[in-house]
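Visitor: I'd like to learn how to read a protein structure, one feature at a time. Could you walk me through it?

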Amino acid sequence: MTAPRALISVYDKTGVVDLAKGLVALGWEIVSSGGTARALDDAGIAVTTVEEVTGSPEMLSDRVKTLHPKIHGGLLADLDLPEHRADLEANGIAPFGLLVSNLYPFRSDPSIALIDIGGPAMVRAAAKNHAHVGVVVNPEDYGIVLAELRDHGHLSVATRRRLARDAFAHTAAYDAAIVTWFDETDARLAADAGDPPSLPSTVHLALERVQDLRYGENPHQVGARYRTVGTESWWDAVEQHGGLPLSYLNLYDAAAAWNLVHDLGAGPAVAIIKHANPCGVALGDTLADAYAKAFACDERSAFGGIVALNQVVDADTVEAMVAAAQADVVIAPGYDDGVIEALQKKRKNTRLLTAPAPTGDPLELRQISGGWLVQDAHHFARHRADWQVVTTAEPTDEQWADAELAWRVCGHVKSNAIVLVKDRVAWGIGAGQQNRVESGEIAVKKADGRAAGGACASDAFYPFPDGMDAPAAAGSAVVIQPGGAMRDDDVIARANELGLAMVFTGERHFLH
């Protein structure tokens, strides 16, 4: 009886020697190529080289070595078909029962040299013929494959099908990475040439599930975190210190809080998020000061919220936190000695997260029924040097500082958004209303007089002069908004009547 044959050709050689030894012990013949063949030979494993099988040398700097009928015929032959068996015999081709292959690490060092051709061709061939060939692309499956071969002498239908599915996912992710590299290279070249930004004609996603969540948006929904295959994000470095398992909304809101607090500068800053909207934002002389002010913005809404702090949490800050409302999640770059224990003692269900600074993606994708919406990532393209004072009154230095913070926070609030700031604290935040007037009324109510003399930010222009009623009621000294409405002149006139300074940024910041 002819020994079964395994073709082994891998870039990642983790565990491959032990796998080959296990196969040889079970009576398998090993065929291999290039560096894999040398590694197995060095380990004392009998190896038949691909050149010996094909009768052709490796050529073109290894670009051509497995692209040969004696390789692909052995992988693709349907042994249930007499005509396939006849072709094998007529051409002196022996079938393979197993392919072990993984691809060049394109994502780690993208270049033309690392675009694998022979590897994907073999993987796809074996996966197509999974009725007769087991295809293994993940070293984590080596033990499973060996155990099943030892116990049963063959791989089950279910195992071969699952391995084939993973193999096609492997090559799909590889191709997606190459397309993304082309798109990102083109985008950089366009930017260097001063061309306006554009979106790629196609977008290719290959995602892997890396974290199962407590549940989805609601407890009856299943949820998980995925990431681009072969990459890591800041989420992968997050460490959880006790508390309940994380849910879908915990991650969604924590991301919103973490991005906002890192958009506020290097000084002590705290953001409290509830249902993806900030309900408290403050800068402070110390972290404890910033937390106390952020919590005071809206104590009722802060209950069950996400607290993001941009500095290591110290004893003074934790003392303020345990005296305040329960938070669902606390996320910070670190915790001083004893801080985690102090928080856990008073808030045992709160998820305490240590996280690195967030990193962004070049594109933002959102699913809609029947498709996707794609845009370049949210960012502030215009800054103070680009802004224009359009009223008689000019902001003072203190009012400029409030206006800049109000504008920055406003970009992280669901539209329609109105933010009232005084002395580096967002005392009033009106979010997500169907009209700007009511967002302003909510912000004024939440501020409760604490924003007098400060700044009012609006994420979009005021269409009518009555938009000035809210900042006037709050006692604001300066209004900052994009401008660009048909009735800008009327709005500016109303601001002048009320003695308000007004700044146009020339940039809208809707957030949905």
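Here is a walk through strands, helices and a few backbone details.

Guide: Before we start, this is a predicted model, where local features need pLDDT of at least 70, side-chain atom pairs count only at pLDDT 80 or more, and totals for chains, interfaces and linings use all residues. Residues are numbered from 1 along each chain as its sequence is written, and side-chain values use heavy atoms, with hydrogens and water left out.

Visitor: What counts as a helix or a strand here?

Guide: Both are DSSP runs, numbered from the N terminus: helices are H or I with at least four residues, and strands are E with at least two.

Visitor: And how do strands come together in a sheet?

Guide: Strands pair through backbone hydrogen bonds, in either a parallel or an antiparallel way. Here, two strands pair if DSSP finds at least two bridges between them. Take the open sheet of five strands, ordered 3-2-1-4-5, with parallel pairing. Strand 3 (48-49) and strand 5 (134-136) are at its edges with a single partner strand each, so one side of each has no neighbour in the sheet. Further in, five bridges pair strand 1 (residues 5-10) with strand 4 (residues 98-102) in the parallel sense. Across that pairing, Leu-7 sits opposite Leu-99 in strand 4.

Visitor: Which strands does helix 8 lie across?

Guide: Helix 8 lies across strand 4 and strand 5, and runs at about 45° to strand 5. Axes are lines fitted to C-alpha atoms, for helices over the stretch in contact, and angles run from 0 to 180 degrees between N-to-C directions. Contact means heavy atoms within 4.5 Å. Helix 8 covers residues 157-192, and Val-157 belongs to it.

Visitor: Is Val-157 buried or exposed?

Guide: Val-157 is exposed, at a relative accessible area of 59%. The cut-offs are under 20% relative accessible area for buried, over 50% for exposed and in between for partly exposed (1.4 Å probe, protein chains only). Val-157 also shows how sequence and space can be read together: His-130 is 27 residues away in sequence and 8.5 Å away in space, C-alpha to C-alpha.

Visitor: Where do the side chains of a strand point?

Guide: In a regular strand they alternate between the two faces of the sheet. In strand 20 (residues 478-481), Val-478 and Ile-480 point one way, Val-479 and Gln-481 point the other, and all are buried. Strand 19 can be read likewise: Ala-455 and Ala-457 point one way, Cys-456 and Ser-458 the other way, and all are buried.

Visitor: Which neighbours do strands 19 and 20 have?

Guide: Strand 19 (residues 455-458) and strand 20 run parallel, joined by three bridges, with Ala-457 opposite Ile-480. Four bridges join strand 20 to strand 21 (residues 501-504), again parallel, and there Val-478 is opposite Ala-501. Strand 17 (residues 418-422) runs antiparallel to strand 19, with four bridges, and Val-419 stands opposite Ala-457.

Visitor: What kind of unit do strand 19, helix 16 and strand 20 make?

Guide: They make a right-handed β-α-β unit, with helix 16 at residues 469-474. Right-handed means that, with the strands pointing away from the viewer, the path from the first strand over the helix to the second runs clockwise. Strand 20, helix 17 (residues 488-498) and strand 21 make a right-handed β-α-β unit too.

Visitor: At what angle do helix 12 and helix 13 pack?

Guide: Helix 12 (residues 315-323) and helix 13 (residues 339-346) pack at about 5°, their axes 10 Å apart. That makes the two helices roughly parallel. The scale is under 35 degrees for roughly parallel, over 145 for roughly antiparallel, 65 to 115 for roughly perpendicular, and oblique for the rest. Among the residues that meet are Val-318 and Met-321 in helix 12 and Leu-343 and Lys-346 in helix 13.
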